[in-house]
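This briefing goes through one protein model, from a single site to the whole chain. Keep the structure open while reading the points below.

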Amino acid sequence: MSYENNRLQYRTCKASGNKLSALGFGCMRFPQVGNEAERMILAAIEGGVNFLDTAYIYPNSEKTLGAILHKHNLRGKVFLSTKMPISMTKTYADFDKFFNEQLRRLKTDYIDYYLMHNISNFTQWEMTKKLDVEKWLAEKKEAGQIRHVGFSYHGSGDDFPKVLDSYSWECCMIQYNYYDENYQAGKKGLIKAAEKGLSVFVMEPLLGGRLATGLPKKAAEAFHAADPEKTPVERALQWIWNHEEVTVVLSGMTNAKQAKENMLYASRFAPLKDEELAVFSDVINIFKKSFKVKCTGCNYCLPCPKEIDIPARLAAYNASYAQNYFTGVTMYLTGMGMMSRNPISVHLCNNCGKCEKNCPQNIEIRKELKKVASRFESLPFRVLLRIMKFILR
């Protein structure tokens, strides 16, 4: 681990010796209007960020990123990470189909870190192996088209070591933050992966932004009292950087200002003292009392056949406890389009379960939506909704 004032820090990839920026750019949530994505990427690379992560299924992400890197001749200055959508692969030929499309989108002839995307259990990985993916990966590595192989994980803590031991992985990507220290792969998985010599990339360091702007008031006050100069974002990122087993922390930044702020946080990180770590225990206890659903807003549950914006509904539900009911109900009414001709109620859910099959957090979404309906859509509310629809016809 290195520390230099006003300079981005780097950590060494164990498999290659590559010096990777401790702050990586997570490209799942690129802004889709204007040229803000371009400004963000350029600001990040200029500031020293050299690890960029995307995936086949991230909407327009690979194509946008490839166009920016090509336009400014930056491909050789960064390490690219992207992912094979194994849930969509049915035959051996599918591997080439998706991979070749990714190379075209990214305007490159090789991928530095290629991950098997969203492994949720050991059985899923075993099924992918039956398609002879190991042979395919060996051929791509031999040809120099893939430099390093890894996987992203969204399954149980019990299955993580099985996946870890089932192939000669060089890196992995796990969800990890101070609120989810023992969730999914968790701390045990982080340590085991590092002990096996893997570089570990951390996603969801801010829990989909909940640890940045969605903190309960008392939790935010506890952080402020400990050190008013540090933002909740800086604290969340530095908690993860405090783990020497972590190679890169991926931040899904949405504008150039956030990119510059996060680079500042990365440049001034120093190992946390005991008193700095103690405040996290207080915040976690406060958070657990108010954060009801572990939704990170990844949108994997969408589109819903009934057009319900599930992440928005769950965010409003969480906010009604973490902040106050008025904030939550305001978010809820706005999200459902209360004043539109066609407001979308959660009561439209037909219980198909499609959303749950795609949820990397394994949330019982149908069950949670019933709680959402109970909190926000009482009988008087539904009567009012019908009246509004009649008026706006």
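Threonine 54 has a relative accessibility of 0%, under the 20% limit, and therefore counts as buried. Its place in this predicted model is the loop between β4 (51-53) and α2.

**Around threonine 54**

- Threonine 54 and serine 81 are separated by 27 residues in sequence, yet their C-alpha atoms are 6.2 Å apart.
- With neighbours within four places in sequence left aside, the contacts of threonine 54 are Cys27, Ser61, Glu62, Leu65, Ser81, Thr82, Lys83 and Leu106.
- Leu65, one of these contacts of threonine 54, is also among the α2 residues that meet α1.

**Packing of α1 and α2**

- Helix α1 (residues 36-46) packs against helix α2 (residues 61-71) at an angle of about 60°, and the two axes are 10 Å apart.
- This angle makes α1 oblique to α2.
- The crossing of α1 and α2 is right-handed.
- On the α1 side the contact uses Ala37, Glu38, Ile41 and Ile45, and on the α2 side Thr64, Leu65, Ile68, Leu69 and Lys71.
- Sorted by class, the contact of α1 with α2 holds six nonpolar residues, one polar residue and two charged residues.

**Packing of α3 and α5**

- Helix α3 (residues 92-106) and helix α5 (residues 133-142) have axes that come within 9 Å and cross at roughly 40°.
- α3 and α5 are therefore oblique to each other.
- α3 crosses α5 in a right-handed sense.
- From α3, the residues Tyr92, Phe95, Asp96 and Phe99 meet Val133, Lys135, Trp136, Glu139 and Lys140 of α5.
- The contact of α3 with α5 has five nonpolar and four charged residues, and no polar ones.

**Backbone geometry to check**

- Most residues other than glycine have a negative phi, and most peptide bonds are trans.
- Glutamine 184 is not a glycine but has a positive phi of about 55°.
- This glutamine 184 sits in the loop between β8 (171-175) and α7 (186-195), and its relative accessible area of 8% makes it buried.
- Asparagine 299, also not a glycine, has a positive phi of about 70°.
- The loop between α11 and α12 holds asparagine 299, which is partly exposed at a relative accessible area of 40%.
- Between leucine 302 and proline 303 the peptide bond is cis, with omega near 0°.
- Proline 303 belongs to the loop between α11 (274-290) and α12 (310-322).

**The chain as a whole**

- The protein chain contains 16 helices and ten strands.
- For 393 residues a compact globule would have a radius of gyration near 21 Å, and the 22 Å of the protein chain agrees with this.
- The C-alpha trace spans about 65 × 55 × 45 Å along the principal axes of the protein chain.
- Of the 393 residues in the protein chain, 53% are buried.
- Among contacts between residues at least 6 apart in sequence, 76% join residues at least 24 apart.
- The pair of threonine 54 and serine 81 is 27 residues apart in sequence.

Terms used: Residues numbered from 1 in each chain as written. Predicted model: local features only at pLDDT ≥ 70, side-chain atom pairs only at ≥ 80, totals over all residues. Heavy atoms only, no water. Axes fitted to C-alpha atoms, helices over the stretch in contact; angles between N-to-C directions. Helix = DSSP H or I, 4+ residues; strand = E, 2+ residues; numbered from the N terminus. Parallel < 35°, antiparallel > 145°, perpendicular 65-115°, else oblique. Left-handed = near helix turned anticlockwise from the far one by under 90°. Contact = heavy atoms within 4.5 Å. Nonpolar A, V, L, I, M, F, W, Y, C, P; charged D, E, K, R; others polar. Rg over C-alpha atoms; globule rule 2.2 N^0.38 Å. Buried < 20%, exposed > 50% of the residue type's maximum accessible area, 1.4 Å probe, protein only.
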